[in-house]
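Welcome, and thanks for taking a look at this model with me. Please have the viewer open as you read the short report below.

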Amino acid sequence: LKHLLTLEGLKQQHLLEILDTAESFIDPNSNKIKKVPLLRGKSIMNLFFEPSTRTRTTFEIAEKRLSADIESLDIQTSATKKGESLLDTLWNLQAMQADMFVIRHAESGAAHFFAQHVAPHVHVLNAGDGQHAHPTQALLDMFTIRKKKGDIFDLKVAIIGDILHSRVVRSQIQALSILEAREIRVIGPKTLLPENPEALGVHVYHDIEEGLQDVDVVIMVRLQNERMKSALIPSEKEFFKRYGLTEKRLALAKPDAIVMHPGPINRGVEIDSAVADGAQSVILEQVTYGIAVRMAVMSIIMSNAAQLAQQQAEQQE
Ligand code: CP
């Protein structure tokens, strides 16, 4: 693993290695996330061209817990506002001796573009690109599911809401498929589902009450209005009526089902407060686990690079 741009094509053993490594960063007695010296002397730059609360902050915390030197560019006051291109921004930051970039951008493919243009020793992590992928979010979601429910292969998982515009859902479906979840359901109106969703290996439901029957995990996603043509944005009231997760609807899932949401949540639109704050919700635990999972991804990538460099040095001797 040189970069983490998508989960597509990742082998199950690699995904499990990330989850196991994340587990090793959590103190089993206190549940606190450890501070370790694994990335001491490495420089990581966070470039968030789109707003973020959870991903940006947990990446920054993870980098500090790995003892890396970190910089987070304030895009609003950066020279991008004077017309500097993405590529020139990248090359200038690379000239400041970055070892790794964490990038979020509104354009699908932005992280791939970065990865194609960085120096060979520099790594790129995708923190969300357009509608394409949000791999570390899906990894922390898998970590949370495994923590709460054990092995994923025996589980029925329902993902509900705006499936079409969600990079999180694309990555979640890939992760659940790699981990061989028993059944993946997507639930939403036709207008918010991709064409031919069955090709993704999922079961499609338009009726939330039908789709929730007997599931182990319920994942809600918000309406991604910023990626929709304004005429297609559904009324929030109508959406809640048809697809909002209420206590009554949640009762259709298994009694011990967990409720997840990548955030930000929109209370009263896709989820009722009683559910978001209820006993079955693990939404805030997802956030905490995001630190350990991001530590795992960054440390594995750097450790692979160090091993490769050592092998190459030995071959040259
Ligand atoms: N889940 C997620 O990506 O949240 P943020 O937009 O706050 O980073």
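## A residue in a loop

Let's start with A106, which counts as partly exposed because it has 13 C-beta neighbours inside 10 Å. On this scale a residue is buried with 20 or more other C-beta atoms within 10 Å of its own, exposed with 12 or fewer, and partly exposed in between, with C-beta atoms placed from the backbone. The model is a predicted one: local features need pLDDT of at least 70, side-chain atom pairs count only at pLDDT 80 or more, and totals for chains, interfaces and linings use all residues. Residues are numbered from 1 along each chain as its sequence is written.

A106 sits in the loop that runs between β3 and α4 (110-117). Leaving aside residues up to four places away in sequence, A106 touches F49, E50 and G130; contact here asks for C-beta atoms, placed from the backbone, that lie within 7 Å. P51 is 55 residues from A106 in sequence, yet their C-alpha atoms are 9.7 Å apart in space.

## The sheet

Four strands make up an open, parallel sheet, in the order β2-β1-β3-β4. β2 (69-73) and β4 (123-129) are at the edges with a single partner strand each, so one side of each has no neighbour in the sheet. From one strand to the next, the twist averages 15°, with axes taken as lines fitted to C-alpha atoms and angles running from 0 to 180 degrees between N-to-C directions.

Strand β3 (residues 100-105) pairs with β4 in the parallel sense over five bridges; two strands pair if DSSP finds at least two bridges between them. V102 stands opposite L125 in β4. The element names follow DSSP runs, numbered from the N terminus: helices are H or I with at least four residues, strands E with at least two.

## Helix α11

Helix α11 (residues 283-316) has 34 residues and reaches 50 Å from first C-alpha to last, close to the 50 Å expected at 1.5 Å a residue. That expected span is 1.5 Å times one less than the number of residues. At Y289, α11 bends by about 30°, the angle between axes fitted to the seven residues ending there and the seven starting there.

## Two domains

The protein chain is divided into domain 1 (12-134 + 287-316) and domain 2 (135-284), with bounds from an automatic or database domain assignment. Their centres, taken over C-alpha atoms, are 27 Å apart. Domain 1 brings 25 residues to the contact and domain 2 brings 23 residues.

On the side of domain 1 that touches domain 2, the elements giving two or more residues are α1 (12-24), α2 (54-65), β4 and α11. Of these, α11 gives the most, with seven residues.

Key:
Two residues are in contact if their C-beta atoms, placed from the backbone, lie within 7 Å.
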